[in-house]
Amino acid sequence: MKKVLAYLSPERHCSLFDIIVAHDAGADVVIPYSNVCPGDVKDIVYGCCFTRHPRDLRNSCIFVGGYSIEKAEELASEALRVLNGLPKELRVNIALDPNGAYTTASACVAKIRSAIKVENANTVVLAGTGPVGCSTARLLADLGANVLVSSRNLERAERTAKAISKKVYGTVVDGEQTLASAVRNADVVVSAGPPAVELLPRKIWANCGKIKVLTDINVVPPYGIEGVKPKDDGTLLEGRKCYGALAIGVLKMKLHQMMIKQMFKEKGSLFNLKETYGLHESCLLR
Ligand SMILES: NC(=O)c1ccc[n+]([C@@H]2O[C@H](COP(=O)([O-])OP(=O)(O)OC[C@H]3O[C@@H](n4cnc5c(N)ncnc54)[C@H](OP(=O)(O)O)[C@@H]3O)[C@@H](O)[C@H]2O)c1
């Protein structure tokens, strides 16, 4: 029986990255639906659930991608609403990973946790208003860290922080002074900006004695944190543990593939941010 994955995206184009990973992880057929809005979801879910005998439905699943976390969560929650209205045996598995943010943030936080006790640690997510930074901040906050999210715009930083949790704070970084003050008391710094933008020069982090872990997600030079290289995987630099984008990316890919494989294994799975992060221990053991 062919393994079929229905791929839903609110964007104009479905993510080629996600489609290739789905095939590599064992999907025989990936059916991309682009420009999906919540009103389209019901018919797609029905098409997925009503075509096969219930015992074969573990070979069908739904994946929600796209860029925006908000839109992906909206589509996924509509899909769940429809699925929950069906008899249990007719439900299919569902996962969401907007912009690869849930798998990337999970990998990033797993690396941080391998270096330091996160609970009560001061963590700063630079450029944390994008999907990856936001998801990283959410996971860190859920694990009991103190989290500060930065943006070039104070209102955006505060809005993002508030949407994550009352315990997460936002701050503006619009120059060296505000940057230095944002990271001064940090135990952990995560750089979550776009490709080819350096967010944290060495002269600033080198002056912050408290920083123990430097984590960079940007794989395109110049990298996000000066001195941290993509392959760094716990490398020590001036006494700080460094994790670069490739080391995080390798774990991200493992998580992504494991999530798809699990979806085709047994019914009853929902992979959102928390569940995706939950896979990291088995991935790190491999
Ligand atoms: N290593 C991996 O496996 C992996 C996987 C997926 C993604 N990534 C990488 O993860 C990073 C984050 O992805 P994302 O999609 O969440 O990022 P994004 O949305 O493109 O950018 C994140 C934030 O960066 C800020 N920003 C944009 N341009 C900037 C500039 N010129 N200078 C300073 N800040 C700027 C923006 O915040 P404000 O406007 O609020 O300041 C934006 O919200 C990217 O580098 C991506 O390539 C890595």
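Me: In which helix does R81 lie?
Reply: The model is predicted: local features require pLDDT of at least 70, side-chain atom pairs are counted only at pLDDT 80 or more, and totals for chains, interfaces and linings take in all residues. Numbering starts from 1 along each chain, following the sequence as written. Helices (DSSP runs of H or I, at least four residues) and strands (DSSP runs of E, at least two) are numbered from the N terminus. R81 belongs to the helix spanning residues 69-84, namely α3.

Me: Is R81 buried, partly exposed or exposed?
Reply: A residue is buried if 20 or more other C-beta atoms, placed from the backbone, lie within 10 Å of its own, exposed if 12 or fewer do, and partly exposed in between. R81 has 13 C-beta neighbours inside 10 Å, and therefore counts as partly exposed.

Me: How far apart are the C-alpha centres of domain 1 and domain 2?
Reply: The bounds, which come from an automatic or database domain assignment, are 4-96 for domain 1 and 104-248 for domain 2. The separation of their C-alpha centres is 32 Å.

Me: Which element gives the most residues to the shell around the ligand?
Reply: The ligand is surrounded by 25 residues (C-beta atom, placed from the backbone, within 6 Å), the closest being A127, G130, V132, S151 and G249. Two elements give two or more residues to this shell, α5 (131-142) and α9 (245-263). With 4 residues, the element that gives the most is α9.

Me: What radius of gyration does the chain have?
Reply: The C-alpha atoms fill a box of roughly 65 × 40 × 30 Å along the principal axes. The radius of gyration is taken over C-alpha atoms, and the globule rule is 2.2 Å times the number of residues to the power 0.38. For 286 residues a compact globule would therefore have a value near 19 Å, and the chain agrees with this, at 20 Å.
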